[in-house]
Amino acid sequence: MTRSMMASRHRWIYLGAIVLLVGMLVTGLLTYTQLHDTNEANRKAKQLSEALAAAGYPVPSQNQIVHTLGEDGGAVCEDPAGALQQAQWKYGMANGAGGPGQRPVLSDREVVLAETIVLSVYCPDKLAAIKDKIDDLKLEDTVRN
């Protein structure tokens with residue numbers, strides 16, 4: 001074998017080794033990021049569970065909270081004081097009829113205030129805006145324990 005053929009073969013070995021190492025590096029970084037995100041989601045889910053239990057609410061399982069809210073609160077923190085969220089709230093606080101038979105009802109204060117607990121854990125910076133909206137609602141103690 002001539003020297004140029006050996007150098008050509010070695011070049012492919014070196015390039016293959018570099019590609020393999022870069023691939024392993026990327027895999028390691030992604031795994032680390034996912035593990036960090038999972039730890040953060042579990043920490044916040046535990047904090048939410050404790051806050052809900054302290055307020056007397058039924059507490060969903062840790063897995064349900066982690067899968068629903070993740071580490072950033074998901075849809076709950078997207079735009080809690082926005083017009084779409086307000087419309088969904090008011091739709092949820094109706095008698096359940098559709099069309100012209102739909103009427104608002106007096107919702108229970110505790111049910112509506114449960115969202116403030118979620119916001120205080122996952123996106124406390126958006127809590128003040130939503131409290132103003134909740135203060136404008138007419139709420140009663142309608143659910144009996």
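Helices here are DSSP runs of H or I, at least four residues in length, numbered from the N terminus. Keep that in mind for what follows. This is a predicted model, so local features need pLDDT of at least 70, side-chain atom pairs count only at pLDDT 80 or more, and totals for chains, interfaces and linings use all residues. Residues are numbered from 1 along each chain as its sequence is written, and side-chain values use heavy atoms, with hydrogens and water left out.

Let's start with Lys 44. Lys 44 lies in helix 1. Is Lys 44 buried or exposed? Lys 44 is buried. Buried means under 20% relative accessible area, exposed means over 50%, and partly exposed is in between (1.4 Å probe, protein chains only). Yet Lys 44 has no salt bridge. A salt bridge is a side-chain nitrogen of Lys or Arg within 4 Å of a carboxyl oxygen of Asp or Glu. The nearest side chain of opposite charge is Glu 40, 4.0 Å away. For charge, Lys and Arg count as positive and Asp and Glu as negative; His and the chain ends are not counted.

Which residue does pair with Glu 40? Arg 43, in a salt bridge of 2.7 Å, N to O. The count by this rule comes to 1 salt bridge. Both partners, Glu 40 and Arg 43, lie in helix 1, 3 residues apart, about one turn of the helix. Glu 40 counts as partly exposed, at 22% relative accessibility. Arg 43 is partly exposed too, at 44%.

Back to Lys 44. Leaving aside neighbours within four places in sequence, Lys 44 is in contact with Glu 71, Val 121 and Tyr 122. Contact means heavy atoms within 4.5 Å.

Tyr 122 leads us to the core. A nonpolar core is a set of buried Ala, Val, Leu, Ile, Met, Phe, Trp, Tyr and Cys residues joined through side-chain atoms within 4.5 Å. The largest one has 24 residues, and Leu 48 and Tyr 122 touch the most other members. Helix 1, helix 2 (62–69), helix 4 (109–122) and helix 5 (127–135) each give two or more residues to this core. Helix 4 gives the most, with 7 residues. Beyond four places in sequence, Tyr 122 touches residues including Ala 41, Leu 48, Ile 65 and Cys 77.

Last stop, Trp 89. Trp 89 lies in helix 3 (residues 83–92). Trp 89 is buried, with a relative accessible area of 15%. Trp 89 and Val 112 are 23 residues apart in sequence, but 8.8 Å apart in space, C-alpha to C-alpha. Among the contacts of Trp 89, outside four places in sequence, are Glu 115, Ile 130 and Leu 137.
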